[in-house]
Amino acid sequence: MNRTSIVRTVYYGAVSTATTPERPRAACADVDPELFFPVGDSGPALLQEEEAKTVCRRCPLQAACLQGALDRGESAGVWGGMSEKERRSLKRRAARTRAV
């Protein structure tokens, strides 16, 4: 269904929704969020982590998601295709590079 409507805003006057570009949708939008927060770091949790990373790999927003997680200091879960440990390692390497 393709509907066109006019939206009046204070900032832009009349804006047609027909000319508004579609924003990419995150691949995880329709997936249970619990998938991205495995409990533990062995056995079934590793399988769950890999399944979450599979979802991330097909996402058009993967890089932005990872950068957002790094900026916010997310310490739990899979974000942008990286686990907690992988993000910590990435941060340590970046800190060492800045220190040199």
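Me: What covers the buried residues of helix 2?
Reply: The cover includes helix 3. Contact here means heavy atoms within 4.5 Å. Helices are DSSP runs of H or I with at least four residues, strands are runs of E with at least two, and both are numbered from the N terminus. This is a predicted model, in which local features need pLDDT of at least 70, side-chain atom pairs count only at pLDDT 80 or more, and totals for chains, interfaces and linings use all residues. Residues are numbered from 1 along each chain as its sequence is written, and side-chain values use heavy atoms, with hydrogens and water left out.

Me: OK, which residues of helix 2 are buried?
Reply: L66, G68, A69 and L70. Buried means under 20% relative accessible area, exposed means over 50%, and partly exposed lies in between (1.4 Å probe, protein chains only).

Me: Now helix 1. How many residues has it?
Reply: Helix 1 runs over residues 44–57 and has 14 residues. From first C-alpha to last, helix 1 reaches 20 Å, close to the 20 Å expected at 1.5 Å a residue. The expected span is 1.5 Å times one less than the number of residues.

Me: Which of its residues are buried in helix 1?
Reply: A45, E49, A52, K53, V55 and C56. Seen down the helix axis, the buried residues of helix 1 fall within an arc of 155°, so they line one face. That arc is taken from the directions from the helix axis to the C-beta atoms.

Me: Why do residues three or four places apart point the same way in an α-helix?
Reply: An α-helix has 3.6 residues a turn, so residues at that spacing point the same way.

Me: And what do the buried residues of helix 1 pack against?
Reply: Helix 2 (62–72) and helix 3 (84–99). The face turned away from the buried side carries exposed P44, L47 and R57.

Me: Where is S83?
Reply: S83 sits in the loop between helix 2 and helix 3. It counts as buried because its relative accessibility is 6%. S83 touches E49, K53 and G77, leaving aside residues up to four places away in sequence.

Me: Where is R88, then?
Reply: R88 is in helix 3. R88 has a relative accessible area of 41%, so it is partly exposed. R88 and L70 are 18 residues apart in sequence and 9.1 Å apart in space, C-alpha to C-alpha.

Me: Switching topic. How many salt bridges does a search of the whole structure find?
Reply: Six. A salt bridge is a side-chain nitrogen of Lys or Arg within 4 Å of a carboxyl oxygen of Asp or Glu.

Me: Which residue does K85 meet in a salt bridge?
Reply: D41, at 3.3 Å from N to O. The pair links distant parts of the chain: D41 lies in the loop between strand 2 (13–16) and helix 1, K85 lies in helix 3, and they are 44 residues apart.

Me: What does R25 form a salt bridge with?
Reply: D30, with the closest N and O atoms 2.7 Å apart. R25 counts as exposed at 54% relative accessibility. D30 counts as exposed too, at 66%.

Me: Which residues are linked in a network of salt bridges?
Reply: E49, E50, K53 and E86.

Me: Last one. Which residues make up the largest nonpolar core?
Reply: Eight residues: A27, L35, F36, A52, V55, C56, C59 and V78. A nonpolar core is a set of buried Ala, Val, Leu, Ile, Met, Phe, Trp, Tyr and Cys residues joined through side-chain atoms within 4.5 Å. L35 touches Q48, E51, A52 and V55, not counting residues up to four places away in sequence.
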